Amino acid sequence: MSVERIDQDVQFAGGAVTLAEFMTSGLFQRTYQEGMQHVEETSAYLDGPGREASRNLSRDASLAYAGESMRLTTRLMQVAAWLLVRKAVHEGEITPEEAQAEKYRLATKEIARSARLAGADSLPERLRELIGRSERLYARVERLDSQLREQQGPVAAYHPMAEQLSRVEAFYRETLARNFGEA
């Protein structure tokens, strides 16, 4: 299986691939590392320099900062969850059919793909860079998800880890609400 890089996007030559092919291509590991690194960078920025920079913004830019940073973290949470589910499949913790369940799909697509908020052009350069990277990463993962789903069977209705994943999601929502206001 060959992998083509086009404008930092990834496409598989010959179309859709199986999960096994994806996991052994090296692409998963690079995407996983990039995604998790981006989560860490974003968290460090928003908790440190970003928080400091937001204090000096105009009212409109402050509103854009709050909205865009929330969308950024939502986008990255979705990508991280998708990557963790694929990793669990690869490690034999869940089956590929279970990973196809509706609850493991990328959610909040409207939020992740919508146009930037008014005032986003006046946001700090580092935040704009993190937003742009997250948008590209989300789009890539969305394409990978579509390609992987084309090759798999019917969607599973229930997954035994659903309760744990719900707790993880609740933890992140609570943390985001505490740090950035109501989600």
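These legends walk through several close-up views of a predicted model.

**Figure 1. The whole chain, as a starting point.**
Let us begin with the overall layout. The protein chain has eight helices and two strands. Read from the N terminus, its elements follow the order β-β-α-α-α-α-α-α-α-α. Of the 183 residues in the protein chain, 39% are buried. Contacts between residues at least 6 apart in sequence can be sorted by how far along the chain they reach, and 79% of them join residues at least 24 apart.

**Figure 2. Helix α2 packs against helix α4.**
Helix α2 covers residues 27-47 and helix α4 covers residues 59-90, and the two pack at an angle of about 150° with their axes 10 Å apart. That angle is over 145 degrees, so α2 is roughly antiparallel to α4. The crossing of α2 past α4 is left-handed. On the α2 side, the residues in contact include Phe28, Tyr32, Met36 and Val39. On the α4 side, Leu72, Leu76, Ala80, Leu83 and Leu84 are among the residues in contact. By class, the contact of α2 with α4 brings together twelve nonpolar, six polar and two charged residues.

**Figure 3. Helix α2 also packs against helix α7.**
Now look at another partner of α2. Helix α7 spans residues 125-150, and α2 packs with α7 at an angle of about 150°, their axes lying 11 Å apart. This makes α2 roughly antiparallel to α7. The two helices form a left-handed crossing. From α2, the residues that meet α7 include Leu27, Glu34, Glu41 and Leu46. From α7, they include Arg126, Leu130, Arg133 and Leu144. Sorted by class, the residues where α2 meets α7 are eight nonpolar, five polar and five charged.

**Figure 4. Helix α4 and helix α7 pack with each other.**
This view turns to the pairing of α4 with α7. The angle between α4 and α7 is about 35°, and their axes are 9 Å apart. Tyr65, Glu68, Val79 and Trp82 are among the α4 residues that make the contact. Ile131, Tyr138, Asp145 and Leu148 are among those that α7 brings. The contact of α4 with α7 counts 13 nonpolar, two polar and six charged residues.

**Figure 5. Thr31, a residue of helix α2.**
Is Thr31 buried or exposed? Thr31 has a relative accessible area of 0%, so this residue counts as buried. Setting aside neighbours within four places in sequence, Thr31 is in contact with Leu83, Leu137, Arg140, Val141 and Leu144. Leu83 is one of the α4 residues that make the contact with α2, while Leu137, Arg140, Val141 and Leu144 are among the α7 residues that meet α2.

**Figure 6. Glu68, a residue of helix α4.**
Glu68 counts as buried because its relative accessibility is 0%. Which polar contact joins the side chain of Glu68 to another side chain? The partner is Arg71, at 3.2 Å. The Glu68 side chain also reaches the backbone nitrogen of Leu117, at 2.6 Å. Not counting residues up to four places away in sequence, Glu68 touches Arg116, Leu117, Ala120, Leu123 and Ile131. Of these, Ile131 is one of the α7 residues in the contact with α4.

**Figure 7. Arg126, a residue of helix α7.**
With a relative accessibility of 33%, Arg126 counts as partly exposed. A polar contact of 3.0 Å links the side chains of Arg126 and Glu41. Apart from neighbours within four places in sequence, Arg126 is in contact with Glu41, Tyr45 and Arg133. Arg126 and Tyr45 are 81 residues apart along the chain, and 8.3 Å separates their C-alpha atoms.

**Figure 8. Asn179, a residue of helix α8.**
The last stop is in helix α8, which covers residues 162-180. Asn179 counts as partly exposed, at 35% relative accessibility. How far apart are the C-alpha atoms of Asn179 and Asp47, and what separates these residues along the chain? The two C-alpha atoms are separated by 8.5 Å, while the residues are 132 residues apart along the chain.

Definitions and conventions. Residues numbered from 1 in each chain as written. Predicted model: local features only at pLDDT ≥ 70, side-chain atom pairs only at ≥ 80, totals over all residues. Heavy atoms only, no water. Axes fitted to C-alpha atoms, helices over the stretch in contact; angles between N-to-C directions. Helix = DSSP H or I, 4+ residues; strand = E, 2+ residues; numbered from the N terminus. Parallel < 35°, antiparallel > 145°, perpendicular 65-115°, else oblique. Left-handed = near helix turned anticlockwise from the far one by under 90°. Contact = heavy atoms within 4.5 Å. Nonpolar A, V, L, I, M, F, W, Y, C, P; charged D, E, K, R; others polar. Buried < 20%, exposed > 50% of the residue type's maximum accessible area, 1.4 Å probe, protein only. Polar contact = N/O pair within 3.5 Å; in protein donor to acceptor, adjacent residues only side chain to side chain.
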